[in-house]
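This report is meant for a reader who meets the structure for the first time. It begins with one pair of packed elements and then widens to the chain as a whole.

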Amino acid sequence: MASLVRHSSSLRKVTPEVVSCVQRLLADRQYEMEFHGFLTNHAKHAVIALAGLGASPARIEEYWNSYTSETPYGIRLDPSSTPKVQLSSLLNTCNSKHGTLACIRIL
């Protein structure tokens, strides 16, 4: 426990600018979490790790821009696809056929 406390107290403070940068990038929905059929997009994981390591917003952005334009595999990320069925449409169909309570159980 003492080593954990020592370790956590040595972490750099995260500035409001870093928090703002991280929140904006985590909210970005431009790219799928998987790409090229079997690879995983780790851009958002890295953003959090870089912030925890004390990286500046500029460095976090630099990493994000580099990774999202071409991953270390030399492959671009897949753009996010739009859902084929909108949730509101699904709920309307479910409500009309089964009732609201049944739909809530399904979801």
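In this predicted model, the axes of helix 2 and helix 4 come within 9 Å of each other and cross at roughly 20°. Because angles under 35 degrees count as roughly parallel, helix 2 is described as roughly parallel to helix 4. On the side of helix 2, the residues that take part in the contact are Glu17, Val18, Cys21, Val22, Arg24 and Leu25, and they meet Pro57, Ile60, Glu61 and Trp64 in helix 4. Sorted by class, the contact of helix 2 with helix 4 holds seven nonpolar and three charged residues, with no polar ones.

The largest nonpolar core of the model has 15 residues, and those with the most contacts inside it are Val22, Leu25, Val47 and Ile60. At least two residues of this core come from each of helix 2 (16-27), helix 3 (43-52) and helix 4 (57-69). In soluble globular proteins, nonpolar side chains tend to be buried together. For Leu25, once its neighbours within four places in sequence are left aside, the contacts are with Lys44, Val47, Ile60 and Trp64.

Two further residues can be looked at one by one. Val19 is found in helix 2, whereas the place of Gly52 is in helix 3.

| Residue pair | Separation along the chain | C-alpha separation |
|---|---|---|
| Gly52 and Val18 | 34 residues | 9.6 Å |
| Val19 and Pro57 | 38 residues | 8.6 Å |

Turning to the chain as a whole, the secondary structure of the protein comes to six helices and two strands, which follow the pattern α-α-β-β-α-α-α-α when read along the sequence. Of the 107 residues in the protein chain, 21% count as buried, and the accessible surface comes to about 8000 Å², with 59% of that area belonging to carbon and sulfur atoms. Among the contacts with a separation of 6 or more in the protein chain, 60% are accounted for by residues 24 or more positions apart.

Definitions and conventions:
Residues are numbered from 1 along each chain as its sequence is written. This is a predicted model: local features need pLDDT of at least 70, side-chain atom pairs count only at pLDDT 80 or more; totals for chains, interfaces and linings use all residues. Side-chain values use heavy atoms; hydrogens and water are left out. Helices (H or I, at least four residues) and strands (E, at least two) are DSSP runs, numbered from the N terminus. Buried means under 20% relative accessible area, exposed over 50%, partly exposed in between (1.4 Å probe, protein chains only). Contact means heavy atoms within 4.5 Å. Accessible areas come from the Shrake-Rupley method with a 1.4 Å probe; for residues, only the protein chains shown count as cover. A nonpolar core is a set of buried Ala, Val, Leu, Ile, Met, Phe, Trp, Tyr and Cys residues joined through side-chain atoms within 4.5 Å. Axes are lines fitted to C-alpha atoms, for helices over the stretch in contact, and angles run from 0 to 180 degrees between N-to-C directions. Angles under 35 degrees count as roughly parallel, over 145 as roughly antiparallel, 65 to 115 as roughly perpendicular and the rest as oblique. Ala, Val, Leu, Ile, Met, Phe, Trp, Tyr, Cys and Pro count as nonpolar, Asp, Glu, Lys and Arg as charged, and the others, Gly among them, as polar.
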